[in-house]
Each structure stands twice: as C-alpha cells, then as structure tokens.
Amino acid sequence: MTAPENPPQHPEHADLFAGRPNELRALRAAAVSARAGSAAVVLVQGAPGTGKSALVHHWLGGLAGFTVLGTAATPARLPDDFDCLSRLLGTVRNPARHHCPAGRQRGTTDTGPGTPGLPTALRRLLNTSSAAPLALFVDDAQWADGPSLRALLEAARTGGRICLVLAARHFQDWDEQTLRALHRVHPLTRIGLGELSESEARTVVAAALGDRADESLTRRLILRSGRHPLYLTRLLGEHLDAPAGGGTGPGLPPAAVRRQLCGLPPSSVAALEALAVLGGSASVPTLSAVLGAPDCTLALEPPAREEFITRTVAQVPTVTFRHPVFRDGLYDALPTWRRRALHLAAVPAVDGRLRLTHKVAAAETADSRLAADLLERATDELAEGQLLAAARSLLSSAALSHAEDHRTGHLLYGAVRLLFWAGADAEIGRHADAVASRRPCPWRDEALGLVEFAAGRLTSAVRLLERARRSLAAHDPGQRAVVLAELAWAHAILGQGQAAQRYGEQALDPARAGEAAHATAASAGVTAAPDGDLTAPCGGGAEDRDGAPGVVVPPGVRQAARALAAYGAALWHGPRSGLEMLATLPEDADEIEEEGLPALTIRGVLRLADGRLRAATTDLTMVLARGRPGAARLLGTAGSVHLVMCHLLDGDWDRAALEADRALEDEQSRCFDAPVLWSLRSVLHAFRGEHDAADTALRQAVRLAQSLDFAGPHYHTAMARAMHARARGDHEGVVVALQLLADRFVHSDRVRIVATGWLPFFAESLVVCGLADLAQGVLSELREAGDDADPHLRVAQAWVAGRTAEAAGEHRTALRTYTEATGLLTPGQDIPLLRALLRAGCGRVAKATGRVHAAAEHFRVARDILTRLGARPFLAECPAQREAALADGTDGTPGHPRLTEREGEVAQLVGRGYTNREIAEALTLSAKTVEYHLRSVFVKLGVRNRRELRRRVQGEGD
C-alpha cells in the first residue's frame with residue numbers, strides 16, 4: 001500500500017498556495033524524519049483562509065513513497081467519539097478492513113498485543129504499513145474529537161514511520177488530556193501561517209495575470225487583500241472574470257464565507273453579520289443595540305481570536321473587520337430577509353444620514369415618503385458639492401418611487417448626468433439598460449450619449465448629444481447649456497478645436513443659458529446658483545412638454561464651459577490663444593473657487609503645451625490638492641495625466657510614476673485616461689532601461705485603447721513605441737512609430753498641441769536616418785501652424801539644425817547650434833533629458849573638431865544629468881564616448897578639473913552675460929550660493945575674473 005492516497009481538497013483552497021519556502025522546508029524535514037523511522041508531528045496553525053490546507057496539499061503532492069491518509073474534521077457532536085479517526089481511516093483503499101469492530105462503540109480500544117491504548121483499526125493500520133511510511137493529515141483539527149487526537153498523538157509518540165500533520169485555526173478548544181498528550185510528543189514542529197509576504201503575494205498575482213500583472217495593479221490587489229491568500233485569490237478571480245466593458249466578477253462565494261464561519265458560536269456569527277451591515281466598523285454599544293443585546297463583548301471574543309476582526313481599546317471600544325473583502329462577502333451572503341432585518345434594527349442605533357441609508361436598505365416596496373427624503377438628502381449633498389453621493393441618492397429615490405410616476409425617469413437621467421460630471425465613467429455603464437428602457441425624450445438622448453461617452457464611443461456620444469441639443473432648443477436653456485458643455489468636452493477629446501470652442505461659447509451665452517436659467521428657476525421657486533446653474537436635484541423647475549420635471553443641473557457649468565472654450569481655442573489657434581481666454585483666472589490658485597478647478601486644470605494643460613513646465617506643474621498640483629473625492633470632476637483625471645507629463649519632462653521620474661499609479665486607482669476617471677497613463681508609464685520604464693516592464697505597460701495601454709472609437713489614445717501609444725525605440729538607440733523605429741503623428745499633425749489639432757513631447761525626438765531620428773530634408777519639412781509646417789515663441793519648438797528646430805550640420809560635417813556650426821538650443825532650456829522650461837542629449841551632441845562635435853577635453857567635459861555633464869535621472873539606456877552612450885574622446889586625444893592639453901553640474905550651469909550663464917542676480921533668479925538660488933559656485937569655478941578653471949571665464953566658455957562653444 002505505497003501509492004499516495006491524497007485527501008480531498010476544499011475547492012476554495014485548491015489554488016491558494018504560493019511560496020512559503022520555510023514552511024515547506026519544515027514539512028519536508030518531518031517527512032525525512034518519518035522515512036528514517038523517527039515519527040514526527042507537525043502543527044500548522046493560522047487564521048481561516050491563510051492557506052493551511054493549500055500548504056499541506058502542496059507538500060503531499062510532492063511526497064513520494066508514503067501512504068497518505070487525510071480528512072477534515074467538523075464540529076463534533078459527541079466530543080468523546082472517534083469520529084475524526086474513523087473518517088481518516090475510511091480513506092484507505094479497503095476501508096472495511098480498518099473500521100472499528102462490529103458490536104463495539106467507535107471509541108473502543110484494543111488491549112491485545114501491539115501498541116496498548118490505540119483503537120483496533122489504527123493499530124492494525126500501523127502493523128500492516130511497515131512497507132511504506134505513513135503521512136496522516138487532519139485538516140480543521142480545532143474541531144477534531146479528543147479521543148481521535150489522543151490516539152493519533154499516542155501513535156506518533158510511540159515511534160515508527162509516521163508523519164502526523166494537524167492543521168488548525170487554533171488549539172484553544174482542545175481538552176486538557178489532549179494538550180498533555182501533545183506536550184509528550186517529541187519532536188514537535190510548529191508552523192504559524194499568516195498573510196503572505198510581499199514577494200509571495202506578487203508571485204501569486206504574476207502567476208494569475210501574466211503580462212497584465214503590472215506594478216500598479218499588483219499594488220492595488222495586495223493592498224485591498226491585505227496579502228490574505230484567500231482574499232487575494234478571490235480578487236484575482238474578480239479581475240480575470242470582469243467583462244471587457246467594465247463591472248466586476250464574482251466576489252467571495254457564500255460557500256467560502258460559510259466555511260470560514262463554521263465553528264463560531266451563533267452569537268458570534270450574528271455579531272459579524274450585524275457588523276457587516278453597519279459597514280464593517282462600529283462601536284460596541286452600537287453593535288449591541290443592533291443585536292438587541294445589553295453587551296455583545298463576549299460574542300466578539302471568538303471572531304477576534306480567529307482574526308476576523310480587530311478591536312480598539314478606547315473610551316468607546318470599536319471593532320472593525322480585518323479584511324474588507326470578507327466584510328463584502330459576508331454581506332452579500334446574507335439572505336435578503338436577514339439583511340433587511342439587520343438594516344431595520346440599525347435605524348434607531350445610528351444617527352444622521354446613516355439612518356436614512358439603513359431605511360433605504362431595509363425597504364421592501366416602493367415608498368414615496370422615503371423617496372422624498374432621499375431627494376432632500378440629494379439636495380443637501382449637491383449643495384455640498386458631493387456629486388457622487390447625490391447621484392446615488394437619486395438612484396435610490398428612483399428605485400423607491402412608484403413605477404408609473406413620470407418623475408422616476410428624470411431622477412435616473414439626473415443621476416446619470418451627475419455621475420458623468422463627477423467623472424465616474426465606470427459607474428455610468430451599470431445604468432445603460434435602465435436608461436434605454438425609458439420612453440424617448442431629450443434627456444434620455446442625453447443620458448444615452450453620456451453612457452456612450454463613458455464607454456469610449458465618442459462618435460455615437462456626439463450624435464446622441466447633438467440630438468438632445470436640438471430637441472432642447474425649445475425647452476429650458478439652462479438644461480441646454482449643460483448639454484452644450486458636454487458636447488464641447490466630447491469635441492475637445494476628439495481633438496476638434498473649432499467645435500469645442502463653439503459649443504463652449506454657446507454654453508456661456510447669457511441670453512440662452514444664464515438669463516433663461518434664472519427665469520426658469522424663479523418661475524419654479526428654485527434658487528439658481530451664482531453662475532446660473534439650477535441646483536434642485538429633483539429637477540424642480542424646467543418642465544418638458546408633457547409636464548415632467550427637468551433634470552438636475554450640476555454646479556459649475558459656466559466655469560467648465562469657459563475652460564472648454566479656451567481649450568478648443570488652444571487646439572485651433574495654439575495654447576497662447578487659450579491662455580488669453582483664461583487671463584482673468586487668478587494667478588494664485590488658492591483664490592480660485594472649487595467650481596473653477598476645470599479652468600485651472602485647462603490653464604495647467606495649456607501652460608504645459610506652451611513649454612512653461614514650472615507654472616504648469618504648480619497649477620496641476622493645486623488642482624489635485626484642492627480636489628475632493630466625490631466632487632465634480634468633469635475632466636476626470638486630466639490634471640493627473642498632464643502632471644505626469646510635467647514630471648516626466650522636468651526629470652522628476654519618481655514622482656511621475658507615483659502620480660500615474662495614484663491616477664490609475666482613482667474611481668473618478670475617464671475611460672480614455674487609463675491608456676494614456678499606461679503609455680506614460682511605459683515611457684518611464686523605457687527611459688530607465690526597464691524594457692520588460694515597458695513592454696507590459698504598453699500592451700496594457702494598447703489593450704485599453706482598442707475599445708475606444710477615436711484616435712486620441714493611439715497617439716500616446718505611438719509615442720510610447722517611439723520612446724521604446726529611442727531608448728534602445730533604434731532611430732528607424734522612432735521614425736516608423738511617429739510617422740502616423742507626422743502625417744496628421746498639420747491636420748489634427750490634438751496632435752499639434754502635444755507636439756512638443758514627441759517632435760524633438762522625431763526630428764533627431766529623421767536626421768540620423770538620413771532624412772534631414774523631411775525633418776526640415778515637418779518643422780516648417782509646424783512653424784506655420786504653431787507659435788515661434790514656444791521654447792521647446794525652438795529647441796526642436798535647433799536640434800534638427802545641429803544634427804543636419806553634424807551629418808554634413810559642419811561641426812562648428814553644429815556645436816554653436818547645440819549650445820544655443822541648450823541655452824533655451826532655462827529653469828522653469830528645462831527638459832533635463834533633452835539637455836543631456838544636446839550636451840552629448842556638443843561632445844560629439846567637439847571631439848570631431850579636436851577639442852578632446854572640451855568633448856570629455858560635455859560628456860561628463862551629460863552623464864551627470866542622466867545619472868540623476870536614472871536614464872540607463874542613454875547613460876550607456878556617454879561614458880563610452882567620453883573615454884573614446886580622451887583615448888583619441890592628441891593635443892596634450894591638460895584636462896580641466898571637473899565642474900559639478902551646478903557649477904557648469906553657473907559658468908554657462910556667465911558666458912552668456914548674466915549677472916549674479918540674474919543667475920540666482922534663473923537657477924532659483926540665493927546670491928550668496930551663486931557667489932560660492934562662481935569662486936569654485938574660478939579656482940578649478942584657473943581664471944581670475946568674469947571676463948576670463950566668459951572668454952573661456954565662449955571659446956569652447958566656437
């Protein structure tokens with residue numbers, strides 16, 4: 001009987017194993033001991049779901065030459081019965097030979113020859129298993145009966161080729177006799193299991209998701225699961241089962257919830273159910289009130305011992321679920337009647353808005369009074385700027401309204417509108433069927449258009465919103481202004497600047513939007529917001545031709561329309577045109593009201609497009625600092641997307657990565673933001689030489705962009721491909737990747753406004769590939785359509801001129817051009833990566849003209865910049881070029897002592913005629929610090945004054 005008899009696995013444990021190398025090593029050592037004839041006992045202890053069964057089953061799967069018997073104990077009805085042992089022995093191939101003898105109780109032991117005090121069946125098994133060692137596994141041993149445990153421990157204590165493994169949540173319920181028997185066993189190995197380590201959790205995610213296991217998603221899964229094996233596995237299942245269009249897969253299944261609760265006293269289970277209904281955290285007095293008990297402290301002891309909850313000792317003790325995944329699973333597993341009963345019991349136990357929340361959850365039928373209360377709450381939430389909360393209150397109100405009530409549909413439309421203005425694209429799709437089932441009306445067209453917008457189908461969204469706009473021409477102009485602003489945003493995303501500007505300005509027309517909205521609001525007795533927005537969430541005021549109420553108007557419509565009109569103008573006429581339209585916006589972001597944040601976002605975006613990195617970073621950082629969860633977020637995570645671009649360009653790559661991760665986790669984001677963020681993450685990885693991670697992020701970006709019906713995100717994936725190629729030194733790959741943008745930028749507003757991010761690299765690669773004429777043609781077209789004052793555009797032009805001159809052998813011209821381009825990258829507009837590449841270009845042409853040590857200095861400065869950035873692919877070029885320059889040197893001139901990067905910057909500015917005060921302003925330094933650097937430069941270069949330093953610097957640039 002040497003073939004392993006693998007015990008059955010619990011389905012929810014079958015795929016939990018990962019890592020655990022130390023624990024596996026301990027189990028294997030126990031097996032070696034048993035095979036050698038020295039019995040071993042292993043206790044595996046851990047909270048429910050920590051992978052005890054998975055660990056042992058994984059070990060048993062690789063255990064050769066053992067006879068394996070296993071079972072799972074259940075809460076014993078007869079504590080003195082041999083129930084667990086009988087079922088364990090029943091897993092033998094011929095269980096009839098090993099059952100307890102007929103005519104005896106199952107606990108009867110045999111006192112004949114052999115090991116005394118053991119049940120007959122176990123003794124016979126030991127006597128007949130001499131050919132192969134035994135591996136005995138009892139799962140959930142905390143419920144095993146005492147006689148079975150003592151018999152198994154006695155068999156192990158008396159020696160022999162036995163490896164006994166007992167897996168349990170805890171051993172506190174074992175009786176005193178069993179504990180004494182345990183202490184007599186030697187050797188005894190204890191293995192404690194908790195949450196997975198960070199590396200083990202990452203291994204689980206990578207194994208389940210493959211290429212989709214990017215860093216951001218891995219961190220989110222680990223954080224939400226708390227590295228708990230069972231919950232991590234379920235979250236991975238949700239991610240894998242989620243439909244492509246959104247939504248989630250199955251949560252923690254009821255069977256898994258019931259299994260984890262098995263063995264807890266009914267009072268403890270009831271306490272956990274009540275805690276789940278209360279949201280996962282509650283004070284003990286509140287929990288006791290819901291349960292109708294004077295004090296539930298004793299009922300909380302078992303769940304705390306098994307690590308379901310944590311308790312805080314304070315003036316008012318509080319309990320909280322350790323893992324929100326279990327709370328969600330327990331709540332979903334509650335029968336409907338039980339859930340409603342607990343919500344009803346919670347109503348008098350809580351205060352404020354929570355009371356209404358529990359009333360809604362406890363409602364079984366339509367309730368017009370409760371629906372009215374929800375409308376009142378939505379009014380308050382909207383007044384506080386909480387659009388997400390107001391939308392959900394409207395949805396609850398619609399669900400509790402009578403089906404024949406004509407207001408129900410408008411509540412639904414209003415909720416969809418608020419969700420859209422809150423940027424909650426993922427939530428809008430859940431209501432698509434409910435909207436489509438309503439009778440035709442302008443607000444239904446608008447809601448369907450917003451559903452299409454949220455799904456990334458902007459072409460269809462524009463068609464539906466246009467139809468709604470035309471239908472609303474004879475209706476309330478305030479409602480029409482909302483739809484016009486939504487159309488402006490759709491056209492802005494499509495890169496259609498003229499249409500975006502037109503609709504934004506129409507939404508601002510006071511005769512059509514503002515004055516009419518005030519008049520409509522006054523006639524209905526509804527107060528209008530200062531900018532003309534109706535704020536009554538029930539839509540009280542504007543009515544359609546059938547007498548149905550209008551739809552809620554979100555706050556900040558006029559400010560959003562102004563911002564979108566400016567962005568449209570920027571797409572059409574250049575960023576400075578849009579910035580002129582926002583000139584009245586206070587420079588101090590603290591003076592801007594919350595409703596003005598869309599305008600502040602657009603100003604930051606346009607400043608970035610105008611090459612004003614520092615000002616753009618300031619604006620966009622303030623947008624994120626001022627934003628509140630659940631508040632209006634029409635532009636989604638546009639502020640975060642462009643802040644990542646700012647940090648990417650200004651060389652703060654760590655902050656860029658952190659901001660990208662934060663934005664990807666934001667629930668108030670547009671569906672088209674994610675592929676752009678993944679493209680930017682891909683560029684970051686590529687610039688750092690992390691090519692596998694870059695490829696993974698790019699695949700994710702491409703996958704997400706495929707479901708969108710417009711080209712915008714594809715421009716960003718094309719740029720990511722180009723940056724991959726540039727990081728590898730593949731200039732032909734850069735040209736191929738960016739050819740789509742080059743073909744379209746003259747005709748596409750969107751491509752033109754983001755050109756400063758890709759054009760310099762495209763131009764450089766064209767020249768390297770021998771296509772300088774094409775590069776000049778591209779730049780000429782851009783000059784005609786762009787703004788010559790843009791410093792980054794001028795850098796691109798100088799770069800092309802320098803590369804062209806270098807390719808033609810005109811090295812002095814190239815050196816002068818590169819130096820001029822470097823000078824354009826002043827503080828506040830600097831792009832360190834471009835500056836490093838330009839300095840490397842200076843090094844190449846200086847070397848070609850025989851100025852070996854000047855070339856080495858240029859390469860050193862470039863290397864210092866790239867080292868600070870962590871740009872390993874580009875860094876690899878500079879040391880080799882610098883060493884080659886020194887190795888080829890023939891003039892014998894002693895090399896200059898090395899200047900630091902800051903000293904080099906000070907020297908360059910002196911060479912351009914800057915005073916100390918001007919240098920301090922340009923580099924954001926104090927005058928004393930400039931003087932200190934200048935003295936150091938004088939000493940290192942052996943010059944006596946500024947005139948000699950200026951000549952020295954200018955001479956090296958010739």
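**Notes on the predicted model**

1. Asp-140 counts as buried, at 4% relative accessibility. The model is a predicted one, and the backbone at this residue deserves attention: the phi of Asp-140 is near 50 degrees, a positive value in a residue other than glycine. Asp-140 is found in the loop that runs between strand S3 (134-139) and helix H5 (146-157). Most residues other than glycine have a negative phi.

2. Glu-307 also has a positive phi, of about 65 degrees, and is not a glycine. The loop between helix H13 (301-305) and strand S7 (309-312) holds Glu-307. With a relative accessible area of 37%, Glu-307 is partly exposed.

3. Two further backbone features may be listed. His-186 and Pro-187 are joined by a cis peptide bond, with omega about 0 degrees; Pro-187 sits in the loop between helix H6 (176-183) and strand S5 (188-193). Within H10 (residues 254-261), the buried residues are Ala-256, Val-257, Arg-259, Gln-260 and Leu-261.

4. An open sheet is formed by 3 strands in the order S6-S8-S7, with antiparallel pairing. Strand S6 (281-283) and S7 are the edge strands; each has a single partner strand, so one side of each is left without a neighbour in the sheet. From one strand to the next, the twist averages 20 degrees. The antiparallel pairing of S7 with strand S8 (residues 318-321) extends over 4 bridges, and Val-319 in S8 is the bridge partner of Arg-311. Helix H12 (residues 284-291) lies across S6 and S8 and runs at about 95 degrees to S6.

5. How do helices H30 and H31 cross? H30 passes H31 in a left-handed crossing. The axes of H30 (residues 613-626) and H31 (residues 638-650) come within 9 Å and cross at roughly 145 degrees. Residues in the contact include Leu-613, Ala-616 and Leu-620 of H30, and His-642, Leu-643 and Cys-646 of H31. By class, the contact has 7 nonpolar, 6 polar and 1 charged residues.

6. The count of aromatic pairs comes to 10. One of them, Phe-672 with Phe-710, is edge-to-face, at 6.0 Å centre to centre and with 80 degrees between the planes. This pair links distant parts of the chain, 38 residues apart: Phe-672 is in the loop between helix H32 (653-664) and helix H33 (673-687), and Phe-710 is in the loop between helix H34 (691-705) and helix H35 (712-727). Phe-672 is buried, with a relative accessible area of 6%, and Phe-710 is buried at 8%.

7. Which pair ties together parts that are 187 residues apart in sequence? Phe-687 lies in helix H33 and Phe-874 in helix H44 (residues 872-875), so their pair makes this link. The ring centres of Phe-687 and Phe-874 are 5.5 Å apart and the planes stand at 75 degrees, so the pair is edge-to-face. Phe-687 is buried at a relative accessible area of 5%, and Phe-874 is buried at 1%.

8. Phe-672 and Phe-710 also belong to one aromatic cluster, which they form with Phe-420, Phe-453 and Trp-489.

Notes
Residues numbered from 1 in each chain as written. Predicted model: local features only at pLDDT ≥ 70, side-chain atom pairs only at ≥ 80, totals over all residues. Heavy atoms only, no water. Axes fitted to C-alpha atoms, helices over the stretch in contact; angles between N-to-C directions. Helix = DSSP H or I, 4+ residues; strand = E, 2+ residues; numbered from the N terminus. Left-handed = near helix turned anticlockwise from the far one by under 90°. Contact = heavy atoms within 4.5 Å. Nonpolar A, V, L, I, M, F, W, Y, C, P; charged D, E, K, R; others polar. Buried < 20%, exposed > 50% of the residue type's maximum accessible area, 1.4 Å probe, protein only. Pairing = 2+ DSSP bridges. Phe/Tyr/Trp six-rings, centres within 6.5 Å; stacked < 30°, edge-to-face > 60°.
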